[in-house]
Amino acid sequence: MIGGIVLSLGNLATQYAWAFVGLSVTEVVTSSITVVIGTTVNYFLDGKINKAEILFPGVGCFLIAVCLGSAVHASNAADNRAKLNALSKMNEVEAGNGLVPSLNGAYVNEGGLKDVERGSRPEEKAKPGTADFLVQLENRRSIKVFGKSTVIGLGITFFAGFCFSLFTPAFNLATNDQWHTLKKGVPHLSVYTAFFYFSLSCFFVALVLNISFLYRPVLNLPKTTFKAYINDWNGRGWALLAGLLCGFGNGLQFMGGQAAGYAAADSVQALPLVSTFWGILLFGEYRKSSKRTYILLIGMLSMFIVAVGVLMASAGHRK
């Protein structure tokens with residue numbers, strides 16, 4: 001049940017971190033922290049059944065990925081500030097020429113509406129990577145990030161990673177009782193029974209925290225009510241699908257951990273490779289960024305791929 005609590009806290013923190021740090025960096029950093037702490041703990045809990053000479057170099061690669069992820073976020077934040085500053089200066093020039101900014105980022109002149117970057121069709125979406133795109137994204141999202149320190153986003157990300165690093169060791173203890181808390185002759189919990197209590201506590205914490213945040217929001221989010229939440233089904237289907245996928249993935253991870261060691265089962269943290277695909281190709285993250293940001297991003301993902309492969313190679317067999 002403790003494992004379910006920390007997973008619920010980590011999931012909630014991750015959703016806030018996405019707004020500040022972006023999908024790609026958030027997933028890489030949280031997953032790497034999960035492996036660095038959680039895998040090391042699981043290695044000793046599992047009686048060292050994983051190959052240490054392979055496992056710990058992989059953990060080191062994850063640690064390097066964390067550092068590169070932080071550098072990617074800082075570099076990308078600097079790129080975004082430069083884009084916004086350039087847009088601000090351009091707005092000042094256009095205003096001096098008699099153009100008046102409109103609410104949607106277009107400008108009004110004698111010929112009607114004119115968009116600075118896209119001609120005379122302001123209804124079109126801005127291209128990913130442009131300053132207009134960043135402004136439109138900021139206007140759409142509920143969590144406002146402009147003017148916020150990069151330390152806030154990274155702090156939330158590291159907190160999420162710390163929470164995630166504890167839930168598999170807790171589940172490991174629940175199913176294998178390495179601390180000998182059960183009386184002699186009492187059978188250990190099966191993976192499926194432990195998973196039931198794990199899911200129950202995860203659901204309870206998520207329910208309490210999310211309802212509390214409706215009435216006492218954080219990060220300057222607007223207040224709302226439980227009734228309004230129930231009536232708003234915009235995007236709810238995606239949320240339910242995400243919950244089902246998360247639960248299904250957790251169950252498979254625990255089954256694999258019981259068979260081959262929970263340290264090796266943490267190779268499921270390869271999920272950032274998928275989320276980076278979503279973030280870069282579909283959501284437009286890091287479009288039109290600097291060469292420095294691209295180099296750091298490629299280095300982070302390359303190190304992560306190596307780390308996941310090494311982690312899988314360290315698998316042992318539980319007796």
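Phe-195 is partly exposed at 22% relative accessibility, whereas Phe-198 is buried at 4% (buried is under 20% relative accessible area, exposed over 50%, partly exposed in between, with a 1.4 Å probe and protein chains only). The two lie three residues apart in helix H6 (residues 191-215), about one helical turn. Helices are DSSP runs of H or I with at least four residues, numbered from the N terminus. This is a predicted model, in which local features need pLDDT of at least 70, side-chain atom pairs count only at pLDDT 80 or more, and totals for chains, interfaces and linings use all residues. Residues are numbered from 1 along each chain as its sequence is written, and side-chain values use heavy atoms, without hydrogens and water.

Phe-164 and Phe-167 are likewise three residues apart, in helix H5 (residues 150-176). Phe-164 is buried at 11%, and Phe-167 is buried at 3%. The ring centres of Phe-195 and Phe-198 are 6.1 Å apart with planes at 25°, so this pair is stacked. Rings of Phe, Tyr and Trp (its six-membered ring) pair if their centres lie within 6.5 Å; planes under 30 degrees apart are stacked, over 60 edge-to-face, and the rest tilted.

## Aromatic cluster

One aromatic cluster takes in Phe-164, Phe-167, Phe-171, Phe-195, Phe-198 and Phe-254. The count of aromatic pairs comes to 14.

## Arginine over two rings

Arg-236 lies over the face of Tyr-229, 4.2 Å from the ring centre, and over the face of Trp-233, at 5.1 Å. The rule requires NZ of Lys or CZ of Arg within 6 Å of the ring centre and within 35 degrees of the ring normal.
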